[in-house]
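The following questions and answers examine a single protein chain. Each answer works step by step towards the value or name requested.

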Amino acid sequence: MCPNIAVIGSGYLGTTHAVGMAELGFDVIALDVDPVRIARLRRGDPPFFEPNLRELLQRHLATGRLRFTTDTAEAAAFGDCFFLCVGTPQQADGLAADLEQLFAAVRELVPLLRHDALLVGKSTVPVGTAAALAELATLHAPAGIEVEVAWNPEFLREGCGVQDTLNPDRLVLGVSSAEAEQALRAIYARLLRAGVPLVVTDLASAELVKCAANAFLATKISFINLIAELSEAVHADVLAVAEALGYDNRIGQRSMHPGLGFGGGCLPKDLRALIAQLGGNASTELLRAVDEINLRCRSRTVEAAIKECGGSVRGRRIGVLGAAFKPFTDDVRDSPALDVSRQLHRAGADVQVYDPAANRAGKLAAPELSFTETVDEALRWADLVLHLTEWPEFRTLDPEAVWWLVNEPRFLDGRNALNADHWRSAGWTFRALGRPVVSDAPGRLPDLPADALVPCTTPLV
Ligand code: UGA
């Protein structure tokens, strides 16, 4: 029998998962407490920017396989399998993850169940959360109703979320019974038939895989950014170093692109949550250093901007290209671009920010900054231009054409994604993090990982 799917939480993860499940052929209901968000989703209008999501959402509202609700009782009555996709942000007063949304969701949902159910966690959580939720579920289950908890961490990247949901690198199923394994194998049968690797394990291991994966990715990025710091000190070119390192299959090119470092709603907070989970263990130094190096990328960028402006940015106009934490998203959570912009604003600069998708979110998060409608407006009269999110439209800027807009043709590439020679030969002073300051630096385009700058385009299964 084809199970009905309920997705609890219609944020970025939940909506993408709900749409993905509908695309795999299931009848899906997605729940959220936010009526405004649900109203938009019902109209086929996702509250966040994600390539392909709008099209699939509209397709499955039309097929009738996907619907949205704010009514927990409706979701409880409909679902057989409940994917828990609520947020687990960093606690306001500590490094650990705040699990309240997850526990609240289970406390509210389980008493309303009318038949046996499988709760499947997808959120990133510290080890032990699934077991605690299982106890909570047992406590709150109506008489005669069996509730089991499984864990199926998600590995989707923003900007490629639909693609990563339908063509994941791997599936991880943390289960405590053969029945739960069978149910999840059936739900993912189409992906498994397509050859997606599967790891079936216990709850704790499944929880740990996700935290460890994000901490490892963060470590790779901070490692190459540490080498970028050294490259600057010894006049080496970090792009050449990264490229050569990446040809070693054991190291690889991906998550090895040097620059302003990582941000977003996942890597920083998952790294810190793992540090919190390790507690008093001496082994947290590695992860703490990863976090520190990452934050230093931001302060190094601010210092470089101040230096480029002759020792102070007070009263100087700075055009900033990018606000999102990475391209192909409008997410500005813990965005390095926004952080650097704010620091420069606090130092007295007149900061003009432009982002192709994240202006709105940027304005809400940083109302003290000015946002412009076009690249040209951000650049007009600038004493310095900063490139902080590597959108393709910034890569294709014509340095000769925009030379006329600025007050001083000075460019700082915080993402190492633009061609230094190209800009220098158009008369710009061009500097990039981790690359030689002198103008004889090789100006070839960096070899970014294939998926670094293009939205996912491979066919959906
Ligand atoms: C990350 C993981 O990559 C996903 O596997 C995981 O599922 C997701 O978190 C999650 O926990 O939900 P995401 O935050 O979307 O995905 O972004 P990434 O593509 O990993 O990039 C994170 C940050 O690192 C961005 O700010 C990006 O600009 C930066 N980055 C990435 C670099 O500075 N250098 C790189 O080489 C790669």
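Q: Is Phe 328 buried or exposed?
A: The model is a predicted one. Phe 328 has a relative accessible area of 11%. A residue counts as buried when this value is under 20%, so Phe 328 is classed as buried.

Q: Where is Phe 328 found?
A: Strand S9 covers residues 317-321, and the loop in question runs between S9 and H14. Phe 328 is found in the loop between S9 and H14.

Q: How far apart in space are Phe 328 and Arg 415?
A: Along the sequence, Phe 328 and Arg 415 are 87 residues apart. In space, the separation from C-alpha to C-alpha is 15 Å.

Q: Which residues does Leu 386 contact, leaving aside its neighbours within four places in sequence?
A: Leu 386 is one of the residues that touch the most other members of the largest nonpolar core. Leaving aside neighbours within four places in sequence, its contacts are Ala 305, Ile 318, Gly 319, Val 320, Leu 321, Val 340, Leu 344 and Leu 412.

Q: Are H13 and H14 roughly parallel or oblique to each other?
A: Helix H13 (residues 285-308) packs with H14 at an angle of about 45 degrees, and their axes are 10 Å apart. Angles under 35 degrees count as roughly parallel, and those from 65 to 115 as roughly perpendicular.

Q: How many residues in the contact of H13 with H14 are nonpolar?
A: H13 contributes Arg 298, Thr 301, Val 302 and Ala 305, while H14 contributes Pro 336, Asp 339, Val 340, Gln 343 and Leu 344. Two residues of this contact are polar and two are charged. The nonpolar residues number five.

Q: Are H5 and H6 roughly parallel or roughly antiparallel to each other?
A: Helix H5 (residues 100-109) and helix H6 (residues 129-140) have axes 9 Å apart and pack at about 25 degrees. Angles under 35 degrees count as roughly parallel. H5 and H6 are therefore roughly parallel.

Q: How many residues in the contact of H5 with H6 are charged?
A: On the H5 side, the contact is made by Leu 102, Phe 103, Val 106 and Arg 107. On the H6 side are Thr 129, Ala 132, Leu 133, Leu 136, Ala 137 and His 140. Seven residues are nonpolar and two are polar, and the number of charged residues is one.

Q: Is the crossing of H10 and H12 left-handed or right-handed?
A: The axes of helix H10 (residues 203-234) and helix H12 (residues 267-278) come within 9 Å and cross at roughly 115 degrees. H10 and H12 are therefore roughly perpendicular. The handedness of their crossing is left-handed.

Q: Which residues of H12 meet H10?
A: From H10, the contact includes Leu 208, Cys 211, Asn 214, Ala 215, Leu 217, Ala 218 and Ile 221. By class, the contact of H10 with H12 has nine nonpolar, one polar and one charged residues. The residues from H12 are Leu 267, Asp 270, Leu 271 and Leu 274.

Q: Is His 235 buried or exposed?
A: His 235 is found in the loop between H10 and helix H11 (238-246). Its phi is near 60 degrees, a positive value in a residue other than glycine. Because a relative accessibility over 50% counts as exposed, His 235 at 65% is exposed.

Q: What is the relative accessible area of Asn 416?
A: Asn 416 lies in the loop between strand S13 (410-413) and helix H19 (420-425). Phi of Asn 416 is positive, near 50 degrees. Asn 416 is buried, with a relative accessible area of 1%.

How values were computed. Residues numbered from 1 in each chain as written. Predicted model: local features only at pLDDT ≥ 70, side-chain atom pairs only at ≥ 80, totals over all residues. Heavy atoms only, no water. Core = buried A, V, L, I, M, F, W, Y, C linked by side-chain atoms within 4.5 Å. Buried < 20%, exposed > 50% of the residue type's maximum accessible area, 1.4 Å probe, protein only. Contact = heavy atoms within 4.5 Å. Axes fitted to C-alpha atoms, helices over the stretch in contact; angles between N-to-C directions. Helix = DSSP H or I, 4+ residues; strand = E, 2+ residues; numbered from the N terminus. Nonpolar A, V, L, I, M, F, W, Y, C, P; charged D, E, K, R; others polar. Parallel < 35°, antiparallel > 145°, perpendicular 65-115°, else oblique. Left-handed = near helix turned anticlockwise from the far one by under 90°.
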